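Me: I would like to go through this model and ask what stands behind each label. Please set each value against its cut-off and then conclude.

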Amino acid sequence: MSFQKKLNFDDLKKYIIDIFFPNRCPFCGKVVKWNESCCEKCFDEIPFIKTKHCKKCGQEICICNDTEIFYDGCVSIVDYRGVIREGIINLKLDKAVNLVDVFKDDIYKKLSDIIDVEKINIVTAVPMHKSTKRIREYNQADVIAEKVSKTINKPFNSKLLIKLSNDVAQHKLTRLERSKAVKGLFSAEEKHIGEIDGKIVLLCDDIITTGSTLNECAKILKYNGAESVYCFTIASTSLCDDKSENV
Ligand SMILES: [Zn+2]
Ligand SMILES: [Zn+2]
């Protein structure tokens with residue numbers, strides 16, 4: 001097959017952008033070929049999740065009996081450590097929007113473990129408060145959700161939920177404190193309730209720790225009529241890992 005025939009529009013865009021802004025490994029920043037998602041060394045160090053996690057709460061140590069879980073399933077691809085920690089920090093700083101491309105082939109497969117992917121109606125992201133978004137200029141969960149939606153060929157809407165206020169730093173809180181801290185932080189966006197009602201929603205974020213944030217968002221989506229809510233995060237970490245930065 002000729003070079004031309006092999007390139008689709010997205011590839012062509014990547015190829016051209018690469019001429020001006022060389023493609024970089026989302027973990028270490030090293031320049032990589034336009035069609036590579038990361039460098040070989042970092043790829044070999046990716047801590048893919050190999051242990052069994054609960055398909056409902058998404059945790060390695062199931063919390064379904066201790067907490068009311070509003071989402072119907074949750075899955076993550078990697079452990080939040082090593083190169084992944086670097087990659088997610090870079091993604092937050094807007095330097096590694098190609099991070100999700102590394103996992104392109106894993107997304108559909110992982111989601112299939114918890115849901116019939118074809119049944120998903122809409123993909124959305126855990127929202128960021130507008131003041132934070134103004135400073136950071138973009139929400140990393142949106143980047144993830146948009147790429148996931150492209151990969152599974154389902155519509156994406158970043159405006160189903162809004163974050164009403166900024167939360168306090170959560171990384172020192174216990175699970176119970178975290179679930180209390182996120183109460184009332186989110187709401188459904190009036191204009192988009194029609195896209196929630198009766199729908200199967202896939203909610204995306206970068207990291208799951210206790211799942212409190214995802215759970216609170218799922219609660220709002222269910223309250224506004226979602227038939228079911230499934231969660232997807234790139235990474236998973238646990239509370240005892242003091243490097244966790246999300247909830
Ligand atoms: Zn690298
Ligand atoms: Zn569970």
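Reply: This is a predicted model. The mean pLDDT of the chain is 89, and 92% of its residues reach 70 or more.

Me: Which stretch has pLDDT below 50?

Reply: Residues 242-247 have pLDDT below 50, although the model gives this stretch 17 contacts beyond near neighbours in sequence. Where pLDDT is low, the predicted coordinates should not be read in detail.

Me: Why does the radius of gyration of the chain agree with that of a compact globule?

Reply: A compact globule of 247 residues would have a radius of gyration near 18 Å, and the chain has 18 Å, so the two agree. Along its principal axes the C-alpha trace spans about 55 × 40 × 35 Å. Of the 247 residues, 40% count as buried.

Me: What divides the chain into domains, and how many residues are in contact between them?

Reply: The chain is divided into domain 1, residues 1-45, and domain 2, residues 48-236. Their centres, taken over C-alpha atoms, are separated by 26 Å. Six residues of domain 1 are in contact with eleven of domain 2. On the side of domain 1 that touches domain 2, four residues are nonpolar, one is polar and one is charged.

Me: Why is Cys39 called buried?

Reply: The cut-off for buried is 20 or more other C-beta atoms within 10 Å. Cys39 has 20 such neighbours, so Cys39 counts as buried. Its place is in the loop between α2 (9-20) and α3 (40-44). Leaving out residues up to four places away in sequence, Cys39 touches Cys25, Cys28, Lys30 and Val32. Arg24 is 15 residues from Cys39 in sequence, and their C-alpha atoms are 8.3 Å apart.

Me: Why is Leu214 called buried?

Reply: The cut-off is again 20 or more. Leu214 has 29 C-beta neighbours inside 10 Å and therefore counts as buried. Leu214 lies in helix α9, residues 212-223. Beyond four places in sequence, its contacts are Tyr71, Cys74, Val126, Leu203, Asp205, Ile208 and Cys231. Asp105, 109 residues away along the chain, has its C-alpha atom 24 Å from that of Leu214. A contact needs C-beta atoms within 7 Å.

Me: What makes strand β2 covered on both faces?

Reply: Ile122 and Thr124 on one side of β2 (residues 122-125) are buried, as are Val123 and Ala125 on the other.

Me: How do you know that β2 pairs with β5, and in which sense?

Reply: Pairing calls for at least two bridges between the strands. Four bridges join β2 to β5 (residues 200-208), so they pair, in the parallel sense. Ala125 has Cys204 in β5 as its bridge partner.

Me: What makes β6 mostly covered, and which strands pair with β6?

Reply: Eight of the nine residues of β6 (residues 228-236) are buried. Strand β1, residues 73-79, pairs with β6 in the parallel sense over six bridges, with Val75 standing opposite Phe232. β5 is joined to β6 by eight bridges, and these strands also run parallel. Ile207 has Ala235 in β6 as its bridge partner.

Me: How many helices and strands are there, and what share of contacts joins residues at least 24 apart?

Reply: The chain has nine helices and six strands. Of the contacts between residues at least 6 apart in sequence, 73% join residues at least 24 apart.

Note on methods. Residues are numbered from 1 along each chain as its sequence is written. Chains are lettered from A and ligands numbered from 1 in the order in which they are written. This is a predicted model: local features need pLDDT of at least 70, side-chain atom pairs count only at pLDDT 80 or more; totals for chains, interfaces and linings use all residues. Domain bounds come from an automatic or database domain assignment. Two residues are in contact if their C-beta atoms, placed from the backbone, lie within 7 Å. Ala, Val, Leu, Ile, Met, Phe, Trp, Tyr, Cys and Pro count as nonpolar, Asp, Glu, Lys and Arg as charged, and the others, Gly among them, as polar. Helices (H or I, at least four residues) and strands (E, at least two) are DSSP runs, numbered from the N terminus. The radius of gyration is taken over C-alpha atoms; the globule rule is 2.2 Å times the number of residues to the power 0.38. A residue is buried if 20 or more other C-beta atoms lie within 10 Å of its own, exposed if 12 or fewer, and partly exposed in between; C-beta atoms are placed from the backbone. pLDDT is the predictor's confidence in each residue, from 0 to 100.
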